[in-house]
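Here is a friendly note to read alongside the model. Please keep the viewer open while you go through the points.

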Amino acid sequence: FPDTTNPASTITSPVNNTNTTDTTPEIRFNLTDNADTSIEYRVYIGNTVDQSGNATAAVITGVNLSAQANGTFLIRVEARDDAGNAANSTPLTITIDTGSPTSTINSPANNTNTTDTTPEINFTLVDNIDTSIDYKIYVGTTINSQDLASNNTPTLVNVSALSNGTFLIRVEARDDAGNIVNSTPLTITIDTAAPITTINTPVNNTNTTDTTPEINFTIADNVYTAALNYKVFIGNTIDTTGITTNNTAVLYNFSAQSNGTFLVRIEARDPAGNVVNSTPLTITIDTTSPSSTINAPVNNTNTTDTTPEINFTLVDNVDTNIDYKIYAGTTINSQGLANNNTPTLVNLSALSNGTFAIRVEARDDAGNVVNSTPLTVTVDTASPTSTINTPVNNTNTTDTTPEINFTITDTAHE
């Protein structure tokens, strides 16, 4: 009987639009015919016969293509029976790709510090075949984000919210053939907490004669161990800048200052850009001694008052109140605070009879000390004695200008 019926040819695997790294992929097909049990086949790549042979009807046959370069190929299997009837399978598209894509992080730069908990990653994936490439963004070993990126096109992705800390970021690229590559890892540190800056010494409202006083301060940060920048401000002027390590005392002497009161603060900035200022410190520099003047009594005063009043005035260029000590000889007799440039009246504690050198010592808050010019005061509560030595009592004489011989004695004024 004549045979006018074409055989049938079906590719069973791989599926259409397969991507593979295999340069000799296996083509499996099934040929059937209404008469023949052995059917001739030809495997075409494009219009070129790559493999040929005979296959048993209705039995799946596997044939590996000859080695192919990277590219996309149209595969079909032609079946021909003994009568010369021929039929082609439905064409199959297969892409061979042995070249890995490339993955490059464009920004941020490596070792970036930021306060942004969802930093943007800008990356580019390049593949020799695919127009779209699968990516996964890893934070450490955890997938943070994944999707498709267009070939050779910068892709911008914000990572999901991260806590404070240092993270290793990489972008994994996978093409349709299964080739995988990772970008060079990127280190990024997230820090949303400002450092803490503390002035340890001197205390607030310090007074000093030192024109270059030393400031001792510490900067503490929750993330960074180093590269903590600082600025020392006197008022609104930067006196110095520097870099310190975490939680380490820094000692700095001011540049020379004139007399006056200054507001001092330390500004700290961590590598993420968090900025904080210390609590301001007030410091007064005073190299000028006050003056001390005894207004009354006058020098070389004699008095019967055992608690004589001393009237004095203390004057200072800075302080409103000035410490004083009143000395009687080398002994402190009285002490207290006097208002600046205001006469102060103080009665001495009770003195015995005698002569005393009185001075008023003034001390300002910066420690400058001065003494008044000493004042001599003699205290005498005892009356002198007066004795007539001659003539004797009840004397009779013809002398109209008799001589009187007498002696006056005083214990305080010998």
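Leaving aside its neighbours within four places in sequence, which residues is Y230 in contact with? Point 4 has the reply.

1. Some ground rules come before the details. This is a predicted model, where local features need pLDDT of at least 70 and side-chain atom pairs count only at pLDDT 80 or more, while totals for chains, interfaces and linings use all residues. Residues are numbered from 1 along each chain as its sequence is written, and side-chain values use heavy atoms, with hydrogens and water left out.

2. Now the overall form. The C-alpha trace of the protein chain spans about 210 × 30 × 25 Å along its principal axes. The protein chain has 38 strands and zero helices (DSSP runs numbered from the N terminus: E, at least two residues, for strands; H or I, at least four, for helices).

3. Next, burial. Among the 414 residues of the protein chain, 40% count as buried, meaning under 20% relative accessible area with a 1.4 Å probe, protein chains only.

4. Back to the opening question. With those sequence neighbours set aside, Y230 touches F217, I219, T240, T241, G242, I243, T244, V250, I266 and E267 (contact means heavy atoms within 4.5 Å).

5. Y230 also belongs to the largest nonpolar core, which has 20 residues; such a core is a set of buried Ala, Val, Leu, Ile, Met, Phe, Trp, Tyr and Cys residues joined through side-chain atoms within 4.5 Å. Elements giving two or more residues to this core include strand 21 (214–220) and strand 22 (228–234).

Definitions and conventions:
Buried means under 20% relative accessible area, exposed over 50%, partly exposed in between (1.4 Å probe, protein chains only).
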